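Here is a short tour of one protein model. Keep the sequence and the 3D view open as you read.

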Amino acid sequence: MKKYKLILALLFGVLVIDSCNENGLELTNPNELSPETFFKTEAQVQSAVNAIYANLQTRGLYTRHMFFMMDNMAHENGGNNQLETDKQQYLDFSFDSSHGAIKAYWDSCFRGINKANFVIGNEALINEIPDSFMNAAQKAKFIGEAKFLRALYYFFLTTRFGDVPLITVIPENGAGFVKSPQSAIYQQIITDLQDASATLLDAGDDEDGRATKGAAIALLGKTYLFMGNKPAALTEFTKIYGTYTLEDNYFDNFMEETEHGSEVIFAVEYDDALGDGNKWDSDVSGAGVNNVTFRGQEYGFNDWFNVFPSDDLLNEYEVGDPRFKDNFYVNGDTFAGGTVAAFPSNNGGNAGWKKYQNYYKDANEDQASGINMNVIRYADVLLMMAECTYESSPGIAMGYINEVRSRPSTNMPNVTGLTGAALFDAIVHERKVELAGEQVRFPDLVRWGLAQSVLGGFGFQAGKHELFPIPDAEISSNENISSADQNPGY
(Lines give C-alpha, C1' and ligand atoms only; values in the text may rest on other atoms or scores of the structure.)
Protein backbone atom coordinates (compact mmCIF):
# COMPACT_ATOMS: atom_id res chain seq x y z
CA MET A 1 0.00 0.00 0.00
CA LYS A 2 2.91 2.38 0.55
CA LYS A 3 3.26 3.31 -3.11
CA TYR A 4 -0.37 4.50 -3.20
CA LYS A 5 -0.15 6.87 -0.24
CA LEU A 6 0.59 9.92 -2.39
CA ILE A 7 -2.46 9.18 -4.53
CA LEU A 8 -4.50 9.23 -1.35
CA ALA A 9 -3.00 12.48 -0.12
CA LEU A 10 -3.31 14.43 -3.32
CA LEU A 11 -6.39 13.02 -5.02
CA PHE A 12 -8.79 12.08 -2.28
CA GLY A 13 -7.65 13.13 1.14
CA VAL A 14 -8.74 16.76 1.24
CA LEU A 15 -12.14 15.93 -0.22
CA VAL A 16 -13.60 13.33 2.08
CA ILE A 17 -11.53 13.75 5.19
CA ASP A 18 -12.88 17.20 5.99
CA SER A 19 -16.47 15.97 5.86
CA CYS A 20 -16.49 15.86 9.67
CA ASN A 21 -16.96 18.93 11.82
CA GLU A 22 -13.70 19.74 13.64
CA ASN A 23 -15.62 20.45 16.85
CA GLY A 24 -17.21 17.04 17.27
CA LEU A 25 -18.86 14.10 15.64
CA GLU A 26 -21.12 16.15 13.40
CA LEU A 27 -20.60 14.15 10.23
CA THR A 28 -22.03 15.58 7.05
CA ASN A 29 -22.23 14.46 3.46
CA PRO A 30 -18.96 14.96 1.58
CA ASN A 31 -20.63 17.45 -0.77
CA GLU A 32 -17.34 18.36 -2.37
CA LEU A 33 -17.28 14.88 -3.92
CA SER A 34 -20.09 13.33 -5.96
CA PRO A 35 -20.26 9.52 -5.78
CA GLU A 36 -22.12 9.48 -9.09
CA THR A 37 -19.16 11.03 -10.87
CA PHE A 38 -16.36 9.71 -8.68
CA PHE A 39 -16.82 5.92 -8.52
CA LYS A 40 -16.10 5.23 -12.18
CA THR A 41 -12.68 3.54 -12.21
CA GLU A 42 -10.60 1.15 -10.13
CA ALA A 43 -8.15 3.95 -9.31
CA GLN A 44 -10.94 6.06 -7.86
CA VAL A 45 -12.24 3.20 -5.72
CA GLN A 46 -8.74 2.42 -4.54
CA SER A 47 -8.04 6.03 -3.59
CA ALA A 48 -11.27 6.14 -1.58
CA VAL A 49 -10.29 2.98 0.27
CA ASN A 50 -6.74 4.26 0.81
CA ALA A 51 -8.25 7.30 2.52
CA ILE A 52 -9.74 5.03 5.18
CA TYR A 53 -6.31 3.60 6.02
CA ALA A 54 -4.90 7.11 6.39
CA ASN A 55 -6.68 7.69 9.67
CA LEU A 56 -4.53 5.00 11.28
CA GLN A 57 -1.61 7.32 10.49
CA THR A 58 -2.98 10.33 12.33
CA ARG A 59 -1.37 11.66 15.49
CA GLY A 60 -4.62 10.76 17.23
CA LEU A 61 -3.77 7.11 16.63
CA TYR A 62 -0.53 5.33 15.73
CA THR A 63 1.56 8.26 14.61
CA ARG A 64 1.76 9.67 18.13
CA HIS A 65 -0.92 9.36 20.79
CA MET A 66 -1.80 5.65 20.62
CA PHE A 67 1.54 4.37 21.88
CA PHE A 68 1.72 6.92 24.70
CA MET A 69 -1.84 6.13 25.82
CA MET A 70 -1.55 2.37 25.96
CA ASP A 71 2.08 1.98 27.01
CA ASN A 72 1.83 4.60 29.73
CA MET A 73 -1.49 3.43 31.17
CA ALA A 74 -0.11 -0.12 31.30
CA HIS A 75 3.00 1.23 33.07
CA GLU A 76 5.23 -0.39 30.55
CA ASN A 77 6.72 3.12 30.52
CA GLY A 78 7.94 5.52 33.12
CA GLY A 79 8.00 9.23 32.33
CA ASN A 80 11.10 11.38 32.16
CA ASN A 81 11.19 14.93 33.46
CA GLN A 82 10.31 16.54 30.15
CA LEU A 83 7.29 14.33 29.39
CA GLU A 84 4.38 16.58 28.41
CA THR A 85 1.50 16.89 30.86
CA ASP A 86 -1.13 15.25 28.65
CA LYS A 87 1.05 12.14 28.38
CA GLN A 88 1.98 12.16 32.07
CA GLN A 89 -1.75 12.04 32.78
CA TYR A 90 -1.90 8.53 31.34
CA LEU A 91 0.66 7.42 33.92
CA ASP A 92 -1.30 8.74 36.90
CA PHE A 93 -4.81 8.41 35.38
CA SER A 94 -5.52 12.11 35.91
CA PHE A 95 -6.97 12.71 32.44
CA ASP A 96 -10.52 13.99 32.12
CA SER A 97 -13.07 14.74 29.41
CA SER A 98 -11.18 17.85 28.28
CA HIS A 99 -8.08 15.81 27.34
CA GLY A 100 -7.08 16.80 23.82
CA ALA A 101 -5.44 13.54 22.76
CA ILE A 102 -8.42 11.46 23.89
CA LYS A 103 -10.61 13.69 21.71
CA ALA A 104 -8.14 13.18 18.84
CA TYR A 105 -8.38 9.40 19.30
CA TRP A 106 -12.20 9.61 19.20
CA ASP A 107 -12.25 11.90 16.17
CA SER A 108 -9.62 9.93 14.26
CA CYS A 109 -11.65 6.76 14.60
CA PHE A 110 -14.96 8.33 13.64
CA ARG A 111 -13.44 10.09 10.65
CA GLY A 112 -12.09 6.73 9.52
CA ILE A 113 -15.56 5.27 9.98
CA ASN A 114 -17.08 8.12 7.99
CA LYS A 115 -14.75 7.41 5.09
CA ALA A 116 -15.47 3.68 5.31
CA ASN A 117 -19.20 4.41 5.24
CA PHE A 118 -18.69 6.53 2.13
CA VAL A 119 -17.20 3.54 0.30
CA ILE A 120 -19.58 0.91 1.69
CA GLY A 121 -22.61 3.12 1.10
CA ASN A 122 -21.70 3.40 -2.55
CA GLU A 123 -21.24 -0.34 -3.12
CA ALA A 124 -23.99 -0.34 -5.77
CA LEU A 125 -22.21 2.34 -7.77
CA ILE A 126 -18.92 0.51 -7.45
CA ASN A 127 -20.55 -2.67 -8.71
CA GLU A 128 -21.82 -0.76 -11.75
CA ILE A 129 -18.25 -0.17 -12.92
CA PRO A 130 -17.82 -2.31 -16.07
CA ASP A 131 -15.94 -5.56 -15.51
CA SER A 132 -13.55 -4.48 -18.24
CA PHE A 133 -12.41 -1.70 -15.89
CA MET A 134 -12.62 -3.62 -12.61
CA ASN A 135 -13.61 -7.24 -12.06
CA ALA A 136 -16.16 -8.38 -9.50
CA ALA A 137 -13.59 -9.94 -7.17
CA GLN A 138 -11.61 -6.69 -7.02
CA LYS A 139 -14.75 -4.69 -6.28
CA ALA A 140 -15.67 -7.09 -3.47
CA LYS A 141 -12.12 -6.96 -2.09
CA PHE A 142 -12.15 -3.17 -1.78
CA ILE A 143 -15.55 -3.23 -0.09
CA GLY A 144 -14.09 -5.88 2.24
CA GLU A 145 -11.18 -3.59 3.10
CA ALA A 146 -13.61 -0.80 3.99
CA LYS A 147 -15.58 -3.16 6.23
CA PHE A 148 -12.42 -4.45 7.92
CA LEU A 149 -11.27 -0.92 8.65
CA ARG A 150 -14.69 0.17 9.92
CA ALA A 151 -14.60 -2.83 12.25
CA LEU A 152 -11.08 -1.96 13.42
CA TYR A 153 -11.99 1.65 14.20
CA TYR A 154 -15.07 0.50 16.10
CA PHE A 155 -12.96 -2.03 18.00
CA PHE A 156 -10.66 0.81 19.05
CA LEU A 157 -13.65 2.91 20.10
CA THR A 158 -15.73 0.40 22.03
CA THR A 159 -12.79 -1.11 23.92
CA ARG A 160 -11.83 2.37 25.09
CA PHE A 161 -15.19 4.15 25.44
CA GLY A 162 -17.73 1.34 25.81
CA ASP A 163 -21.06 2.52 24.37
CA VAL A 164 -20.53 4.82 21.39
CA PRO A 165 -22.61 6.07 18.45
CA LEU A 166 -23.11 3.34 15.85
CA ILE A 167 -22.96 4.99 12.45
CA THR A 168 -23.10 2.91 9.29
CA VAL A 169 -24.35 5.55 6.84
CA ILE A 170 -23.24 8.98 5.72
CA PRO A 171 -25.40 11.30 7.89
CA GLU A 172 -27.70 13.68 6.09
CA ASN A 173 -27.44 16.42 8.71
CA GLY A 174 -25.35 17.47 11.69
CA ALA A 175 -27.73 16.35 14.41
CA GLY A 176 -25.44 13.65 15.70
CA PHE A 177 -26.18 10.12 16.85
CA VAL A 178 -27.13 8.61 20.19
CA LYS A 179 -24.86 6.16 21.93
CA SER A 180 -25.48 2.51 21.10
CA PRO A 181 -24.78 -0.27 23.61
CA GLN A 182 -21.44 -2.01 23.35
CA SER A 183 -23.25 -5.24 22.44
CA ALA A 184 -24.55 -3.55 19.27
CA ILE A 185 -21.10 -2.22 18.44
CA TYR A 186 -19.59 -5.68 18.82
CA GLN A 187 -22.30 -7.17 16.62
CA GLN A 188 -21.53 -4.65 13.87
CA ILE A 189 -17.83 -5.48 14.16
CA ILE A 190 -18.64 -9.18 13.86
CA THR A 191 -20.85 -8.64 10.81
CA ASP A 192 -18.27 -6.46 9.07
CA LEU A 193 -15.44 -8.91 9.73
CA GLN A 194 -17.45 -11.91 8.61
CA ASP A 195 -18.26 -10.08 5.38
CA ALA A 196 -14.66 -8.93 4.96
CA SER A 197 -13.17 -12.37 5.53
CA ALA A 198 -15.30 -13.73 2.67
CA THR A 199 -13.93 -11.28 0.09
CA LEU A 200 -10.42 -10.21 1.15
CA LEU A 201 -7.35 -11.84 -0.36
CA ASP A 202 -4.97 -14.16 1.44
CA ALA A 203 -1.69 -12.84 2.77
CA GLY A 204 0.81 -12.66 -0.07
CA ASP A 205 -1.87 -12.24 -2.74
CA ASP A 206 -2.28 -8.49 -2.28
CA GLU A 207 -0.06 -5.47 -1.79
CA ASP A 208 1.85 -5.26 1.46
CA GLY A 209 -0.07 -3.33 4.07
CA ARG A 210 -3.59 -4.04 2.88
CA ALA A 211 -6.11 -5.87 5.02
CA THR A 212 -6.23 -9.59 4.23
CA LYS A 213 -8.55 -12.49 4.91
CA GLY A 214 -6.26 -13.55 7.76
CA ALA A 215 -6.36 -10.07 9.31
CA ALA A 216 -10.17 -10.10 9.30
CA ILE A 217 -10.26 -13.56 10.88
CA ALA A 218 -7.67 -12.63 13.52
CA LEU A 219 -9.53 -9.44 14.49
CA LEU A 220 -12.80 -11.36 14.59
CA GLY A 221 -11.26 -13.89 16.95
CA LYS A 222 -9.88 -11.10 19.11
CA THR A 223 -13.31 -9.45 19.18
CA TYR A 224 -14.94 -12.65 20.40
CA LEU A 225 -12.24 -13.00 23.07
CA PHE A 226 -12.88 -9.46 24.31
CA MET A 227 -16.57 -10.36 24.48
CA GLY A 228 -15.70 -13.37 26.64
CA ASN A 229 -16.71 -15.93 24.00
CA LYS A 230 -13.64 -18.16 23.99
CA PRO A 231 -15.12 -21.02 21.89
CA ALA A 232 -16.05 -18.60 19.08
CA ALA A 233 -12.65 -16.91 19.33
CA LEU A 234 -10.83 -20.24 19.10
CA THR A 235 -12.91 -21.24 16.06
CA GLU A 236 -11.68 -18.14 14.23
CA PHE A 237 -8.07 -18.40 15.34
CA THR A 238 -7.97 -22.05 14.27
CA LYS A 239 -8.82 -20.99 10.71
CA ILE A 240 -5.47 -19.19 10.42
CA TYR A 241 -3.39 -21.45 12.64
CA GLY A 242 -0.39 -22.55 10.61
CA THR A 243 -1.05 -20.15 7.75
CA TYR A 244 1.36 -17.68 9.34
CA THR A 245 4.73 -18.48 10.89
CA LEU A 246 6.78 -16.85 13.61
CA GLU A 247 9.84 -14.98 12.45
CA ASP A 248 13.01 -16.94 13.26
CA ASN A 249 14.48 -13.66 14.49
CA TYR A 250 12.13 -11.86 16.89
CA PHE A 251 13.65 -8.44 16.14
CA ASP A 252 12.82 -8.74 12.44
CA ASN A 253 9.25 -7.79 13.41
CA PHE A 254 10.43 -4.30 14.36
CA MET A 255 12.90 -3.27 11.66
CA GLU A 256 11.98 -1.30 8.56
CA GLU A 257 13.80 -3.63 6.18
CA THR A 258 12.01 -6.79 7.38
CA GLU A 259 8.65 -5.38 8.43
CA HIS A 260 6.43 -7.33 6.00
CA GLY A 261 7.49 -10.71 7.33
CA SER A 262 5.69 -13.99 7.84
CA GLU A 263 4.47 -13.10 11.33
CA VAL A 264 2.74 -9.78 10.65
CA ILE A 265 -1.02 -10.17 10.23
CA PHE A 266 -1.86 -6.47 10.10
CA ALA A 267 0.24 -3.35 10.62
CA VAL A 268 0.00 0.40 10.13
CA GLU A 269 2.19 1.37 7.20
CA TYR A 270 4.92 4.01 7.38
CA ASP A 271 7.56 4.97 4.82
CA ASP A 272 9.55 8.15 5.33
CA ALA A 273 10.63 8.08 1.67
CA LEU A 274 7.09 9.10 0.73
CA GLY A 275 7.19 12.38 2.63
CA ASP A 276 5.98 13.90 5.88
CA GLY A 277 5.22 17.52 5.06
CA ASN A 278 1.83 17.47 6.77
CA LYS A 279 2.65 15.47 9.88
CA TRP A 280 1.89 18.37 12.24
CA ASP A 281 -1.17 19.66 10.37
CA SER A 282 -3.95 17.65 12.03
CA ASP A 283 -4.39 15.21 14.86
CA VAL A 284 -7.32 13.56 13.20
CA SER A 285 -7.90 14.10 9.47
CA GLY A 286 -5.33 11.94 7.70
CA ALA A 287 -5.09 14.62 5.02
CA GLY A 288 -1.90 15.52 3.23
CA VAL A 289 1.49 13.85 3.11
CA ASN A 290 2.16 12.05 6.39
CA ASN A 291 3.86 8.69 6.11
CA VAL A 292 5.88 8.67 9.33
CA THR A 293 5.49 8.04 13.03
CA PHE A 294 7.02 9.99 15.92
CA ARG A 295 7.59 6.77 17.89
CA GLY A 296 11.36 6.67 17.31
CA GLN A 297 12.01 10.26 18.37
CA GLU A 298 9.62 10.19 21.33
CA TYR A 299 11.01 6.98 22.88
CA GLY A 300 14.61 7.30 21.69
CA PHE A 301 17.11 7.19 24.54
CA ASN A 302 19.59 9.23 22.48
CA ASP A 303 16.99 11.79 21.42
CA TRP A 304 13.82 13.14 23.06
CA PHE A 305 13.76 10.22 25.53
CA ASN A 306 10.36 11.21 26.89
CA VAL A 307 9.72 7.77 28.37
CA PHE A 308 11.72 4.75 29.41
CA PRO A 309 10.85 1.08 29.99
CA SER A 310 9.55 0.67 33.53
CA ASP A 311 11.41 -1.44 36.05
CA ASP A 312 8.27 -3.53 36.44
CA LEU A 313 8.45 -4.45 32.76
CA LEU A 314 12.21 -5.04 32.79
CA ASN A 315 11.93 -7.29 35.84
CA GLU A 316 9.29 -9.47 34.16
CA TYR A 317 11.85 -11.08 31.85
CA GLU A 318 13.35 -14.41 32.83
CA VAL A 319 17.11 -14.53 33.14
CA GLY A 320 18.53 -15.29 29.73
CA ASP A 321 15.40 -14.39 27.73
CA PRO A 322 16.87 -12.95 24.48
CA ARG A 323 13.80 -10.82 23.98
CA PHE A 324 15.10 -8.52 26.70
CA LYS A 325 18.05 -7.57 24.49
CA ASP A 326 15.77 -7.22 21.47
CA ASN A 327 13.34 -4.91 23.27
CA PHE A 328 15.66 -2.73 25.36
CA TYR A 329 19.05 -1.03 25.50
CA VAL A 330 21.03 -0.98 28.73
CA ASN A 331 24.37 0.56 29.62
CA GLY A 332 27.19 -1.00 27.64
CA ASP A 333 25.07 -2.13 24.69
CA THR A 334 26.16 -1.08 21.22
CA PHE A 335 24.05 0.79 18.67
CA ALA A 336 24.74 2.65 15.43
CA GLY A 337 26.05 5.61 17.42
CA GLY A 338 28.56 3.61 19.46
CA THR A 339 28.21 2.32 23.01
CA VAL A 340 25.29 3.15 25.27
CA ALA A 341 26.66 5.15 28.20
CA ALA A 342 24.78 6.11 31.35
CA PHE A 343 21.37 7.54 30.57
CA PRO A 344 21.02 11.33 31.05
CA SER A 345 21.26 12.21 34.73
CA ASN A 346 18.20 14.47 34.66
CA ASN A 347 16.04 11.53 33.59
CA GLY A 348 14.95 8.27 35.15
CA GLY A 349 15.04 4.67 34.16
CA ASN A 350 17.62 1.99 33.79
CA ALA A 351 17.07 1.20 30.12
CA GLY A 352 15.88 2.60 26.81
CA TRP A 353 13.58 1.15 24.20
CA LYS A 354 15.10 -0.80 21.31
CA LYS A 355 11.87 -2.17 19.82
CA TYR A 356 10.62 0.09 17.00
CA GLN A 357 13.77 2.22 17.24
CA ASN A 358 16.07 3.02 14.32
CA TYR A 359 19.25 2.80 16.40
CA TYR A 360 20.23 -0.46 14.78
CA LYS A 361 21.11 1.68 11.71
CA ASP A 362 21.05 5.36 12.84
CA ALA A 363 22.91 7.13 15.62
CA ASN A 364 19.96 9.45 16.17
CA GLU A 365 16.23 9.43 15.66
CA ASP A 366 14.16 12.17 14.06
CA GLN A 367 10.45 12.89 13.71
CA ALA A 368 10.18 10.68 10.64
CA SER A 369 10.39 7.01 11.52
CA GLY A 370 9.34 4.70 8.71
CA ILE A 371 9.03 1.54 10.82
CA ASN A 372 5.55 0.02 10.61
CA MET A 373 3.52 -0.33 13.81
CA ASN A 374 2.13 -3.83 14.29
CA VAL A 375 -1.56 -4.19 15.15
CA ILE A 376 -1.78 -8.01 15.24
CA ARG A 377 1.10 -10.48 15.02
CA TYR A 378 0.91 -14.26 14.82
CA ALA A 379 2.54 -14.53 18.26
CA ASP A 380 -0.39 -12.55 19.66
CA VAL A 381 -2.81 -15.00 18.03
CA LEU A 382 -0.97 -18.03 19.45
CA LEU A 383 -1.11 -16.57 22.96
CA MET A 384 -4.79 -15.75 22.56
CA MET A 385 -5.33 -19.35 21.50
CA ALA A 386 -3.58 -20.42 24.70
CA GLU A 387 -5.97 -18.20 26.62
CA CYS A 388 -8.94 -19.81 24.91
CA THR A 389 -7.82 -23.33 25.84
CA TYR A 390 -6.00 -23.19 29.17
CA GLU A 391 -9.04 -24.14 31.24
CA SER A 392 -10.28 -27.03 29.11
CA SER A 393 -7.07 -28.29 27.47
CA PRO A 394 -3.99 -27.19 29.41
CA GLY A 395 -1.64 -29.33 27.34
CA ILE A 396 -2.79 -27.67 24.14
CA ALA A 397 -2.52 -24.23 25.74
CA MET A 398 1.05 -24.89 26.84
CA GLY A 399 1.83 -25.99 23.29
CA TYR A 400 0.75 -22.60 21.95
CA ILE A 401 2.84 -20.81 24.57
CA ASN A 402 5.84 -22.96 23.77
CA GLU A 403 5.56 -22.22 20.06
CA VAL A 404 6.19 -18.58 20.92
CA ARG A 405 8.95 -19.36 23.40
CA SER A 406 10.77 -21.72 21.07
CA ARG A 407 11.28 -19.49 18.04
CA PRO A 408 14.99 -19.87 17.09
CA SER A 409 16.09 -16.45 18.32
CA THR A 410 14.19 -16.83 21.60
CA ASN A 411 14.67 -20.53 22.38
CA MET A 412 13.38 -20.36 25.94
CA PRO A 413 12.60 -23.54 27.91
CA ASN A 414 9.13 -24.98 27.47
CA VAL A 415 6.51 -24.43 30.12
CA THR A 416 5.36 -27.79 31.47
CA GLY A 417 3.03 -29.23 34.06
CA LEU A 418 0.90 -26.14 34.55
CA THR A 419 -2.85 -25.97 35.02
CA GLY A 420 -5.45 -23.50 36.26
CA ALA A 421 -4.24 -20.25 37.76
CA ALA A 422 -0.57 -21.13 37.27
CA LEU A 423 -1.12 -21.65 33.55
CA PHE A 424 -3.10 -18.43 33.28
CA ASP A 425 -0.23 -16.61 35.00
CA ALA A 426 2.14 -18.07 32.41
CA ILE A 427 -0.05 -16.64 29.64
CA VAL A 428 -0.11 -13.24 31.34
CA HIS A 429 3.68 -13.34 31.67
CA GLU A 430 4.26 -14.40 28.08
CA ARG A 431 2.01 -11.70 26.66
CA LYS A 432 3.78 -9.10 28.78
CA VAL A 433 7.29 -9.98 27.61
CA GLU A 434 6.49 -10.95 24.00
CA LEU A 435 4.20 -8.00 23.21
CA ALA A 436 5.88 -5.29 25.29
CA GLY A 437 5.38 -1.82 23.84
CA GLU A 438 2.81 -3.02 21.31
CA GLN A 439 -0.25 -1.39 22.92
CA VAL A 440 -1.89 -4.61 24.09
CA ARG A 441 -1.19 -4.87 27.82
CA PHE A 442 -3.59 -2.23 29.13
CA PRO A 443 -6.60 -3.67 27.26
CA ASP A 444 -5.48 -7.11 28.47
CA LEU A 445 -5.44 -6.00 32.09
CA VAL A 446 -8.88 -4.44 31.75
CA ARG A 447 -10.54 -7.47 30.16
CA TRP A 448 -8.88 -9.85 32.67
CA GLY A 449 -10.15 -7.75 35.58
CA LEU A 450 -6.58 -7.21 36.78
CA ALA A 451 -6.24 -3.49 36.16
CA GLN A 452 -7.10 -2.45 39.71
CA SER A 453 -4.67 -4.83 41.37
CA VAL A 454 -1.82 -4.03 38.95
CA LEU A 455 -2.40 -0.31 38.42
CA GLY A 456 -4.31 0.83 41.50
CA GLY A 457 -1.15 2.15 43.09
CA PHE A 458 -0.71 4.55 40.19
CA GLY A 459 -4.19 6.08 40.36
CA PHE A 460 -6.32 3.62 38.42
CA GLN A 461 -9.86 3.49 39.84
CA ALA A 462 -12.01 0.44 39.19
CA GLY A 463 -15.36 1.39 37.69
CA LYS A 464 -13.88 4.47 36.04
CA HIS A 465 -10.59 4.05 34.24
CA GLU A 466 -11.53 0.93 32.32
CA LEU A 467 -12.98 3.48 29.89
CA PHE A 468 -11.96 6.87 28.56
CA PRO A 469 -14.30 9.83 29.09
CA ILE A 470 -16.44 10.93 26.18
CA PRO A 471 -14.78 14.15 24.97
CA ASP A 472 -16.39 17.42 26.10
CA ALA A 473 -16.41 18.61 22.51
CA GLU A 474 -18.60 15.69 21.50
CA ILE A 475 -21.09 16.35 24.27
CA SER A 476 -21.28 20.04 23.39
CA SER A 477 -21.66 19.53 19.64
CA ASN A 478 -23.83 16.39 19.44
CA GLU A 479 -27.41 17.21 20.38
CA ASN A 480 -28.10 13.50 20.95
CA ILE A 481 -25.38 13.04 23.57
CA SER A 482 -25.54 14.91 26.87
CA SER A 483 -23.53 15.04 30.07
CA ALA A 484 -25.88 12.33 31.40
CA ASP A 485 -24.31 10.00 28.79
CA GLN A 486 -20.80 10.55 30.16
CA ASN A 487 -18.92 7.44 31.24
CA PRO A 488 -18.94 6.69 35.00
CA GLY A 489 -16.63 8.72 37.19
CA TYR A 490 -15.98 11.61 34.81
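## A glycine in helix 6

G112 is found in helix 6, residues 100–120. Helices here are DSSP runs of H or I with at least four residues, numbered from the N terminus. G112 has a relative accessible area of 0%, so G112 is buried. Buried means under 20% relative accessible area, exposed means over 50%, and partly exposed lies in between, with a 1.4 Å probe and protein chains only.

What does G112 touch, not counting residues up to four places away in sequence? The answer is I52, N55 and Y153. Contact means heavy atoms within 4.5 Å. G112 and A51 are 61 residues apart in sequence, yet 8.0 Å apart in space, C-alpha to C-alpha.

## How the model is read

This is a predicted model, where local features need pLDDT of at least 70, side-chain atom pairs count only at pLDDT 80 or more, and totals for chains, interfaces and linings use all residues. Residues are numbered from 1 along each chain as its sequence is written, and side-chain values use heavy atoms, with hydrogens and water left out.

## Helix 3 beside helix 8

Two packed helices are described by the angle between their axes and the distance between the axes. Take helix 3 (residues 42–54) and helix 8 (residues 136–161): their axes come within 10 Å and cross at roughly 15°. Axes are lines fitted to C-alpha atoms, for helices over the stretch in contact, and angles run from 0 to 180 degrees between N-to-C directions. Helix 3 and helix 8 are therefore roughly parallel. Angles under 35 degrees count as roughly parallel, over 145 as roughly antiparallel, 65 to 115 as roughly perpendicular and the rest as oblique.

The crossing of helix 3 and helix 8 is left-handed. That is, the near helix is turned anticlockwise from the far one by less than a right angle; clockwise would be right-handed. From helix 3 come E42, V45, Q46, V49, I52 and Y53, which meet Q138, F142, E145, A146, L149 and Y153 of helix 8. The residues of this contact divide into 8 nonpolar, 2 polar and 2 charged. Ala, Val, Leu, Ile, Met, Phe, Trp, Tyr, Cys and Pro count as nonpolar, Asp, Glu, Lys and Arg as charged, and the others, Gly among them, as polar.

## Helix 16 beside helix 17

The axes of helix 16 (residues 394–405) and helix 17 (residues 420–434) come within 11 Å and cross at roughly 20°. That makes helix 16 roughly parallel to helix 17. Their crossing is left-handed.

Helix 16 brings P394, A397, M398, I401, V404 and R405 to the contact, and helix 17 brings L423, A426, I427, H429, E430 and E434. Here the contact residues divide into 8 nonpolar, 1 polar and 3 charged.

## Buried spots

Is helix 4 (residues 65–73) largely enclosed or open? Of its 9 residues, 9 are buried, so helix 4 is largely enclosed by the rest of the structure. Among these buried residues are H65, D71 and N72. After helix 4 comes H75, whose phi is positive, near 55°.

I126 lies in helix 7, residues 123–127. I126 counts as buried, at 0% relative accessibility. Leaving aside neighbours within four places in sequence, I126 is in contact with F39, V45, V119, K139 and I143.

## Cysteines

How many disulfides does the structure hold? It holds 0. A disulfide is a pair of cysteine sulfur atoms within 2.5 Å. C109 counts as buried at 0% relative accessibility, and C388 counts as buried at 10%.

Notes
Helices (H or I, at least four residues) and strands (E, at least two) are DSSP runs, numbered from the N terminus.
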